[in-house]
Amino acid sequence: MGKVKIKKKSTWIDMTPMSDVMVLLLTFFMLTSTFVKNEPVKVVTPGSVSEIKVPEKSVLNILVDKTGKIFMSMDNQNDTQAVLEGMSELYGMKFTPQQVKKFKKDAMWGVPMNSIQQYLSQSETEMAQTLKNYGIPTDSIDGKESEFQLWVKEARKVNPDVKLAIKADEKTPYALVKKVMSELQDLSENRYYLITSYKKVED
């Protein structure tokens with residue numbers, strides 16, 4: 001007796017629900033993720049068991065590399081522009097619209113005021129290459145406030161609720177970090193975050 005052949009039917013899977021889920025997941029990750037700014041120097045933060053998280057908004061980030069160079073950034077570009085305008089008034093400088101636009105787009109700033117106009121006149125590629133060679137001065141002249149202190153004061157003036165966060169390399173000498181803290185204390189800025197890498201407590 002011959003075998004009965006079963007006709008093969010083509011299977012059809014509706015992929016519409018899966019595509020909808022993929023779009024929803026993609027939208028979720030885009031709205032909830034935060035973009036990390038490129039830093040001019042690589043900093044490896046020391047480990048800590050603290051679980052206190054640094055706020056994501058209204059933060060003035062202070063980056064200190066292992067040689068003591070200081071760079072700063074704010075999360076709001078409008079605040080960044082306002083801080084630059086305040087510093088330009090203090091130093092009697094004028095910046096072109098193109099220079100202001102570059103400053104706002106720059107991930108971090110850290111150029112002395114006597115070189116900032118020349119720095120902002122470069123191309124964005126040249127700016128990224130030369131920024132690491134600079135650093136905001138912390139030396140005061142004739143007993144006046146240092147450029148670092150003036151940047152902090154302008155940031156506080158623009159946004160009174162701004163939080164300060166210090167991020168230093170694990171190999172940065174303590175004396176350099178203490179220098180930054182002393183500069184802040186002179187401005188009565190005694191509350192700030194120290195950014196570290198989370199380390200679990202060993203049993």
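How many bridges join S4 to S5, and do these strands run parallel or antiparallel? Two bridges join S4 to S5, and the strands run parallel. Keep in mind that this is a predicted model.

**The sheet**

Zooming out, S4 and S5 belong to an open sheet of four strands, ordered S3-S2-S4-S5, and the pairing in it is mixed. Strand S3 (70-74) and strand S5 (193-194) sit at the edges, each pairing on one side only.

**Helix H7 and its neighbours**

H7 lies across strand S2 (59-64), S3, S4 and S5, and runs at about 165° to S4. H7 (residues 174-186) also comes up against H6: the two axes come within 10 Å and cross at roughly 55°. That angle makes H6 oblique to H7. The crossing of the two helices is right-handed.

Who touches whom here? On the H6 side you'll find Phe148, Gln149 and Val152, which meet Val180, Glu183, Leu184 and Asp186 in H7. By type, the residues of this contact split into four nonpolar, one polar and two charged.

**Valine 162**

Now go to the loop between helix H6 (147-158) and strand S4 (163-168), where valine 162 has its place. Is valine 162 buried or exposed? Its relative accessibility is 4%, so valine 162 counts as buried. Leaving aside residues up to four places away in sequence, valine 162 touches Ser58, Val59, Leu60, Met74, Ala155 and Arg156.

Most residues other than glycine have a negative phi. Serine 58, one of the contacts of valine 162, has a positive phi although it is not a glycine. Serine 188 has a positive phi too, and is not a glycine either. Here they are side by side:

| Residue | Phi | Loop | Relative accessible area |
|---|---|---|---|
| Serine 58 | about 55° | between strand S1 (47-48) and S2 | 27% |
| Serine 188 | about 65° | between H7 and S5 | 60% |

With those areas, serine 58 is partly exposed, whereas serine 188 is exposed.

Note on methods
Residues are numbered from 1 along each chain as its sequence is written. This is a predicted model: local features need pLDDT of at least 70, side-chain atom pairs count only at pLDDT 80 or more; totals for chains, interfaces and linings use all residues. Side-chain values use heavy atoms; hydrogens and water are left out. Buried means under 20% relative accessible area, exposed over 50%, partly exposed in between (1.4 Å probe, protein chains only). Contact means heavy atoms within 4.5 Å. Axes are lines fitted to C-alpha atoms, for helices over the stretch in contact, and angles run from 0 to 180 degrees between N-to-C directions. Angles under 35 degrees count as roughly parallel, over 145 as roughly antiparallel, 65 to 115 as roughly perpendicular and the rest as oblique. A crossing is left-handed if the near helix is turned anticlockwise from the far one by less than a right angle, and right-handed if clockwise. Ala, Val, Leu, Ile, Met, Phe, Trp, Tyr, Cys and Pro count as nonpolar, Asp, Glu, Lys and Arg as charged, and the others, Gly among them, as polar. Two strands pair if DSSP finds at least two bridges between them.
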